[in-house]
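Biologist: I have this one open and would like to go through it with you. Can you put it up?

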Amino acid sequence: MGCCGSTERTKREWRPLEDRSCTDLPWFLLFTVFCVGMGSICGFTIVTGGAARLVFGYDSYGNTCGQRNEQIEGVRLSGLDHTDRKFVFFLDPCNIDIVQRKIKSMALCVSLCPTEELKTYQDLKRFAMVNGSELCSYELAAHRYPVLEQRTTKCPKLPVPPSKPLPVFNRCTPVDISCYARFAEAVVTFVGDNSVLHRLIAGVAASKEIIIGLCVLALFLSMILMVIIRYISAVLVWILTSLVVLGSLAGTSVLWWLYIDYRLYGNDTSSKVLKEAKEEVEVTRDSGQALLVYAVAATVFTIILLLLMLFMRKRVALTIALFHVAGKVFIHLPLLTLQPFVTFFALLLFWIYWILVLLFLGTTGNPVENEETGLTEFRLTGPLQYLTWYHAVGLVWISEFILACQQMTVAGAVVTYYFTRDKNRLPVTPILSSVLRLVRYHLGTVAKGSFIITLVKIPRLILMYIHNQLKGKENACARCMLKTCICCLWCLEKCLNYLNQNAYAATAINSTSFCTSARDAFVILVENALRVATINAIGDFVLFLGKILIVTTTAFAGVLLLNYQRDYAEWLLPLIIVCLFSFLVAHCFLSIFEIVVDVLFLCFAIDTKYNDGTPGKEFFMDKALMEFVESSRRLERAVERGRSRVKEVASEGAEIKPMMFIPGRVRRIKNQKPGDCHVLYVCPSATPNNQPKKNCRETKNNQI
């Protein structure tokens, strides 16, 4: 169950798709128990009446509308029979508490919502007498509305706007929603008056067909781009790489030029300003120091970037080949393009369920009187208040579980494609086969991986919440520490996401547990660290620019189409909505493409590690990757031949050293045979009796 408890051997032989077994079964059981707990919360809210109060509504005395109620101890006017009163009516529907996200108004159960504006208390009396729907508090007689003293606090605020009941939730909602503009003003801070807000909303309503068409265009462009990248990957990668390098060099040059310009001309200006104002000199000096810091930082960044490009230039070809093969994967497995829709639909259903249960919890519990308003509310007390925290953890864990299921499904399909030598003999539905393998064998692995992400994400969300609550109240040190912790947790979450994704791919290949798969994948990634850095740096940058391309293309088309509207302010908000949606769609589709590339790289690294192309160890890889391997081998053989020649020349030079004889005489030692190693005495000149001088140089040679 734990990472350290694995009894499998450290050195693992990868056996792709050979056998299958259930992995991380205890974690699957734990996740199942947790989901049962989530369902129990929903059942608890239904049994205790929270769901009924949310759907049918309840008044400020604890009575549920549309049914007979029981008396609540200590609550006045509770236990009424509201069988004929099915709608909730708020006396002041525009009294909204934005912080608590609720209406701070007395609520009553009525039999009919007012469909016309009621301007006076006489109108309230007439409406109650004709329709039998009393809009003031229950203890007030309808025929005495105009003369009662309590009418200002227990009757609706005049004028009463016309309203209609919501289709499912029986609340009387004003037809004119202008009073709810405060919600929009809290979000859209640049709106200064209601007229601009109304014009923006009107622009969205008038352009809804164009918005839908542009969203479909973004969807179509995202699907096309994944196929086009296959054919233009080489040109695209090299162009973008060159642009990054040139941009870095240009930015560094500009910063140094600004700093030199300041040094040449800023001092003269500073000396003049010194006589006028001393403070301005300090500002100018700080500007010069800032320019120097920026220039030095840019220089260091550029040098590091150039060194990385120098070391990784040969590995860019692998990124291009992987992009090319990823395009082929989408051609052979077109249903991969449906994965974002399936995942989004699953997340949407879960989020709707989660929000409904959260609302159920908001109306579940014991009746408590609100000290500020004097109204009756239902709140969870005691240990039951921790159900909300349990429900919040479920939001993160189950959402991550759904995303992890997508990653495992895509990884399983890509692994099946890669390790099938004959692509014509692929399963009829590789994606469906991958889903079935996931459900049958690997749900525990997905549950464990998603739980690890949850352990990191929840503290980060808590710190973000604390940071937002303390905004403007904490000191600089606390703010810096909070931001540092949030940033570190974010980086850790991204690293774990990447490792989890490769662990799921390793599980899809070898059917091993999460920790074993994570360890094996980590070893492979470390062995190919430079390749991983190249693919992540260049590949992610290319995909990011692809997202920007889709957004800009959709925005340009939106400008052309929305330009026929009468006013700029009317189509500004529709254009923003279209850009946000197009970026979301592009991110979803290109994220699938990114997962495919990462899984292909892991399969390629395993393939090249355990296979060499000889009989019995044939490669599984695609032709494009095979060409990359062959070119790499040719390059390595050329480098080896060059190294061997250098070694031969160096060894020959060590064995046969050419001697430069100074004019003199060389004497052979007696009893030495030709071909033996001889000691020669090289003398500057002849000596009597052929005796060597003291300063003669002793030299060894193989030949006399």
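**Chat about the model**

Modeller: Thr364 is a place to begin: its relative accessible area is 0%, so Thr364 is buried. Keep in mind that this is a predicted model.

Biologist: Where is Thr364 in the fold?

Modeller: Thr364 is in the loop between α10 (339-362) and β7 (366-369).

Biologist: What does the side chain of Thr364 reach?

Modeller: The backbone oxygen of Phe360, at 2.5 Å.

Biologist: And which residues is Thr364 in contact with, leaving aside neighbours within four places in sequence?

Modeller: Phe44, Thr45, Thr48, Gly50 and Arg53, and also Phe378, Arg379 and Leu380.

Biologist: Gly49 next. Where does Gly49 lie?

Modeller: In the loop between α1 (25-47) and α2 (50-56). Gly49 has a relative accessible area of 17%, under the 20% limit, so Gly49 counts as buried. From Gly49 to Gly365 there are 316 residues in sequence, but the C-alpha atoms are 8.8 Å apart in space.

Biologist: Ok, overall picture. How many helices and strands?

Modeller: There are 17 helices and ten strands. The protein has 704 residues, and 39% of them are buried. The accessible surface comes to about 40100 Å², with 64% of that belonging to carbon and sulfur atoms.

Biologist: What share of the contacts comes from residues 24 or more positions apart?

Modeller: 68%, counting contacts with a separation of 6 or more.

Biologist: Back to details. Where is Ser60, and is Ser60 buried or exposed?

Modeller: Ser60 is in the loop between α2 and β1. Its relative accessibility is 6%, so Ser60 counts as buried. The Ser60 side chain reaches the backbone nitrogen of Ala107 at 2.8 Å. Beyond four places in sequence, the contacts of Ser60 are Ser105, Met106, Ala107, Leu375 and Thr376.

Biologist: Aromatics now. How many aromatic pairs?

Modeller: The count is 14 aromatic pairs. One of them is Tyr61 with Tyr138: the ring centres are 5.8 Å apart and the planes are at 50°, so the pair is tilted. Tyr61 is in the loop between α2 and β1 (87-90), and Tyr138 is in the loop between α3 (121-131) and α4 (151-154), so 77 residues separate two distant parts of the chain that the pair links.

Biologist: What about Phe323 and Phe593?

Modeller: Their ring centres are 5.5 Å apart with the planes at 70°, so that pair is edge-to-face. Phe323 is in helix α9 (residues 316-332) and Phe593 in helix α16 (residues 568-610), so the pair ties together parts 270 residues apart in sequence. Phe323 is buried at 1% relative accessibility, and Phe593 is buried at 0%.

Biologist: Which residues do ring pairs link into a cluster?

Modeller: Trp27, Phe31, Phe34, Tyr390, Trp397, Phe401 and Phe451.

Biologist: Switching to charges. How many salt bridges?

Modeller: Nine salt bridges. Glu139 and Arg76 form one of them, with the closest N and O atoms 3.9 Å apart. That pair links distant parts of the chain, Glu139 from the loop between α3 and α4 and Arg76 from the loop between α2 and β1, 63 residues apart. Glu139 is partly exposed, with a relative accessible area of 35%.

Biologist: And Glu493 with Lys457, how far apart N to O?

Modeller: 3.3 Å, in a salt bridge between the two side chains. Glu493 lies in helix α13 (residues 476-510) and Lys457 in helix α12 (residues 430-469), so the pair ties together parts 36 residues apart in sequence. Both Glu493 and Lys457 are buried.

Biologist: What does Arg460 form with Glu493?

Modeller: A salt bridge, with the closest N and O atoms 3.0 Å apart. Arg460 is in helix α12 and Glu493 in helix α13, so this pair ties together parts 33 residues apart in sequence. Arg460 counts as buried at 12% relative accessibility. Glu400, Lys457, Arg460 and Glu493 are linked in a network of salt bridges.

Biologist: Last thing, the surface. Which residues form the nonpolar patch?

Modeller: Phe220, Ile224, Val227, Ile228, Tyr231, Ile232 and Ile331, with about 620 Å² of accessible area together. Helix α7 (residues 208-276) gives the largest share, six residues.

Biologist: How exposed is Ile224?

Modeller: Ile224, which is in helix α7, has a relative accessibility of 33% and counts as partly exposed.

Terms used:
Residues are numbered from 1 along each chain as its sequence is written. This is a predicted model: local features need pLDDT of at least 70, side-chain atom pairs count only at pLDDT 80 or more; totals for chains, interfaces and linings use all residues. Side-chain values use heavy atoms; hydrogens and water are left out. Patches are made of residues with over 30% relative accessible area and no salt bridge: like charges are joined within 9 Å, nonpolar side chains (Val, Leu, Ile, Met, Phe, Trp, Tyr) within 5 Å. Accessible areas come from the Shrake-Rupley method with a 1.4 Å probe; for residues, only the protein chains shown count as cover. A salt bridge is a side-chain nitrogen of Lys or Arg within 4 Å of a carboxyl oxygen of Asp or Glu. Helices (H or I, at least four residues) and strands (E, at least two) are DSSP runs, numbered from the N terminus. Buried means under 20% relative accessible area, exposed over 50%, partly exposed in between (1.4 Å probe, protein chains only). Contact means heavy atoms within 4.5 Å. A polar contact is a pair of N or O atoms within 3.5 Å; within protein, one must be able to donate a hydrogen and the other to accept it, and residues adjacent in sequence count only if both atoms are side-chain atoms. Rings of Phe, Tyr and Trp (its six-membered ring) pair if their centres lie within 6.5 Å; planes under 30 degrees apart count as stacked, over 60 as edge-to-face and the rest as tilted.
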